[in-house]
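Morning, everyone. Please have the sequence and the model open while I talk. I'll start with a space inside and then move to the parts around it.

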Amino acid sequence: MSKVYNIKNFEENGFAAPLYLSKENQSLDFEKDYFDFQKKSLKHFNRKISVKPNLLSVFFDKLTFDKEIIRHVKSLIGNDIYIWSSAIFFKGPSDGKIVSYHQDNPYWQLTTENVVTAWIALTASNEHCGALEIVPGSYKLGLIKKLDISNPRQAYLKGLKTTQEKDLLSYNQNLEDFIKNNKPEIINLKPGQFSLHHINAVHGSGVNESNKNRIGFAIRYISSQTKHKTEAKDSAVHVSGIKSKYFLDELRPTKDFSCEAINAFNKAMESAGAFGNKKY
């Protein structure tokens, strides 16, 4: 049985799991919807899309506005919320992909720590298929080490990558010694379950050693008062509460890959939360 990290103990651990999507979303065929989305991506873009798929797909948009996710996020960062970024993390059977241990904070360059990530399991995510792993309490330490590049925003725009080929991260934070002395907890999730973690929580994931796909969808929620440190303006999807004059509104799709949605998506790829249209 998977260990439960209660949302009431988020302040202690910096994460909570497993949590459950609302009933209306629990019965979805997540893996099928993922592959349907990528089939349309190949048709319209001639490539798979991993960043901000919620701007192109009603399915992913619906997940970002799931009532249970929003309820928990509000309890952590307040009612004034934007979706700053989202990304699909796909690991095929034995493809060797990893996410090295890191904190999100130095990569994202945001002005506050009122930031929380929801990680939704679109397929089973466990110790056999490279599940998300998080170090309890690590978020309290602040920035543990700097990255191996000086300006992530400019590095993303240039398409730079300093990590190994199979690493889904672009830059190294070099937390190997920290991990040796601080054991991560494996976040076991079934399809329709999700976890939440703080922007400073140390996390990563290993190789998918199973014969099935491991697919996760990460959504980055921020407070309306949060900005990017180097950008004069940015764009995001408003969720609830007070709107910010800093953010241009990213449009929610009413139909998959409509002309309006594609135009809005292309514009959003200029935002800081698109990481230079990074390919996970």
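Which residues lie nearest the centre of the largest cavity? They are Phe89, His102, Asp104, His203 and Arg220, out of 23 lining residues.

A word on the source. This is a predicted model, so local features need pLDDT of at least 70 and side-chain atom pairs count only at pLDDT 80 or more, while totals for chains, interfaces and linings use all residues. Residues are numbered from 1 along each chain as its sequence is written, and side-chain values use heavy atoms, with hydrogens and water left out.

Back to the cavity. On a 1 Å grid over the protein atoms alone, a cavity is a set of points where a 1.4 Å probe fits but cannot get out, and lining residues have an atom within 4 Å of a point. Grid points are joined across faces, edges and corners, and the volume is the space filled by probe spheres set on them. Searching the whole structure gives 1 cavity of 30 Å³ or more. The largest cavity holds about 270 Å³.

What supplies the lining? Strand S3 (99-102), helix H6 (105-108), strand S4 (115-121), strand S8 (203-205) and strand S9 (214-223) each give at least two residues. Helices (H or I, at least four residues) and strands (E, at least two) are DSSP runs, numbered from the N terminus. The lining has 12 nonpolar, 7 polar and 4 charged residues. Here Ala, Val, Leu, Ile, Met, Phe, Trp, Tyr, Cys and Pro count as nonpolar, Asp, Glu, Lys and Arg as charged, and the others, Gly among them, as polar.

Next, the nonpolar core. That is a set of buried Ala, Val, Leu, Ile, Met, Phe, Trp, Tyr and Cys residues joined through side-chain atoms within 4.5 Å. Buried means under 20% relative accessible area, exposed over 50%, partly exposed in between (1.4 Å probe, protein chains only). The largest core has 79 residues, and Phe60, Leu63, Ile69, Ile120, Leu122, Leus196 and Tyr221 touch the most other members. Another core, of 5 residues, lies apart from it, with Val135, Leu175, Ile179 and Val202 among them.

In helix H9 (residues 259-268), Ala261, Ile262, Ala264, Phe265 and Ala268 are buried. They sit on the same side of H9, because they cover an arc of only 165° around the axis. That arc is taken from the directions from the helix axis to the C-beta atoms. The face turned away carries the exposed Cys259, Glu260, Asn263 and Lys267. Cover for the buried residues of H9 includes helix H3 (30-45) and strand S10 (234-240).

Helix H5 (residues 67-77) has Ile69, Ile70, His72, Val73 and Ile77 buried. These fall within an arc of 165° seen down the axis, so they line one face of H5. Lys67 and Ser75 are exposed on the other side.

Is Tyr156 buried or exposed? Tyr156 counts as buried because its relative accessibility is 8%. Leaving out residues up to four places away in sequence, Tyr156 touches Tyr107, Ser170, Tyr171, Phe275, Gly276 and Lys278. Touching is contact, with heavy atoms within 4.5 Å.

Last, the backbone. Most residues other than glycine have a negative phi, and most peptide bonds are trans. Ala17 and Pro18 are joined by a cis peptide bond, with omega about -10°. Pro18 is in strand S1 (residues 15-20). Lys52 is not a glycine, yet has a positive phi of about 50°. Lys52 is in the loop between H3 and helix H4 (58-64). Asn277, in the segment after H9, has a positive phi near 60°.

Definitions and conventions. 1 Å grid on protein atoms, 1.4 Å probe; cavity = no way out; pocket = protein on both sides within 12 Å on 5 of 7 lines; lining within 4 Å.
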